[in-house]
Amino acid sequence: MASDDVRNFMGYMWIRQEDGIITIGINEDGLEDFESINSVELPAEHEKVDAESVIGTIETDDGPLDIYSPVEGTIIEVNTQVVEDPSIIMEDPYEEGWLVRIEADEDYDEDEEDEDDEDDEDEDDDYEDDED
């Protein structure tokens with residue numbers, strides 16, 4: 001089960017921020033869509049990544065699942081254990097099954113993403129009102 005400091009990202013991923021370091025993994029919702037993970041491709045350490053860009057792929061029995069970066073930054077650590085044994089992700093997605101750690105170039109503001117979601121809902125409400 002995810003701890004309180006874990007946030008969902010892109011629906012099927014989780015992120016945890018700690019002192020400017022963002023750890024990324026696949027959440028339980030994402031794992032429900034397939035039964036097994038065949039392989040994991042992750043970026044190299046020290047690689048620069050852009051926010052919301054694809055940085056890796058998980059090959060599942062249901063097809064590929066792209067891994068996105070929530071921030072612009074540098075890959076500081078790759079979980080080689082999940083590359084060697086992808087089943088770890090299914091067994092322990094929030095602890096042993098993390099994927100990469102990124103040092104963010106700027107502070108990642110989790111609330112900013114939540115506000116965007118709320119704005120979208122407000123726009124939908126306005127749109128419905130206009131139809132009446």
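Lys48 is exposed in this predicted model, with a relative accessibility of 54%. Its salt-bridge partner is Asp105, and the closest N and O atoms are 3.4 Å apart. Lys48 belongs to strand E5 (residues 48–49) and Asp105 to the loop between E9 and helix H4 (110–131), so this pair ties together parts that are 57 residues apart in sequence. Asp105 itself is partly exposed, at 40% relative accessible area.

The model holds 4 salt bridges in total, and Arg16 takes part in two of those listed here. Glu95 is partly exposed at 46%, and Asp5 is partly exposed at 36%.

Three of these salt bridges, side by side:

| Pair | Closest N and O atoms |
|---|---|
| Arg16 and Asp5 | 3.6 Å |
| Glu95 and Arg16 | 3.9 Å |
| Lys48 and Asp105 | 3.4 Å |

Now to the rings. There is 1 aromatic pair: Trp14 and Tyr94 have ring centres 5.7 Å apart and planes at 35°, so the pair is tilted. Trp14 sits in strand E2 (residues 13–18), while Tyr94 is in the loop between helix H3 (87–91) and strand E9 (100–104), 80 residues away. Trp14 is buried at 0% relative accessibility, and Tyr94 is buried at 7%.

A charge meets a ring as well: the charged end of Arg101 sits over the ring of Trp98, 3.9 Å from its centre.

Conventions. Residues are numbered from 1 along each chain as its sequence is written. This is a predicted model: local features need pLDDT of at least 70, side-chain atom pairs count only at pLDDT 80 or more; totals for chains, interfaces and linings use all residues. Side-chain values use heavy atoms; hydrogens and water are left out. Rings of Phe, Tyr and Trp (its six-membered ring) pair if their centres lie within 6.5 Å; planes under 30 degrees apart count as stacked, over 60 as edge-to-face and the rest as tilted. Helices (H or I, at least four residues) and strands (E, at least two) are DSSP runs, numbered from the N terminus. Buried means under 20% relative accessible area, exposed over 50%, partly exposed in between (1.4 Å probe, protein chains only). A charge sits over a ring if NZ of Lys or CZ of Arg is within 6 Å of the ring centre and within 35 degrees of the ring normal. A salt bridge is a side-chain nitrogen of Lys or Arg within 4 Å of a carboxyl oxygen of Asp or Glu.
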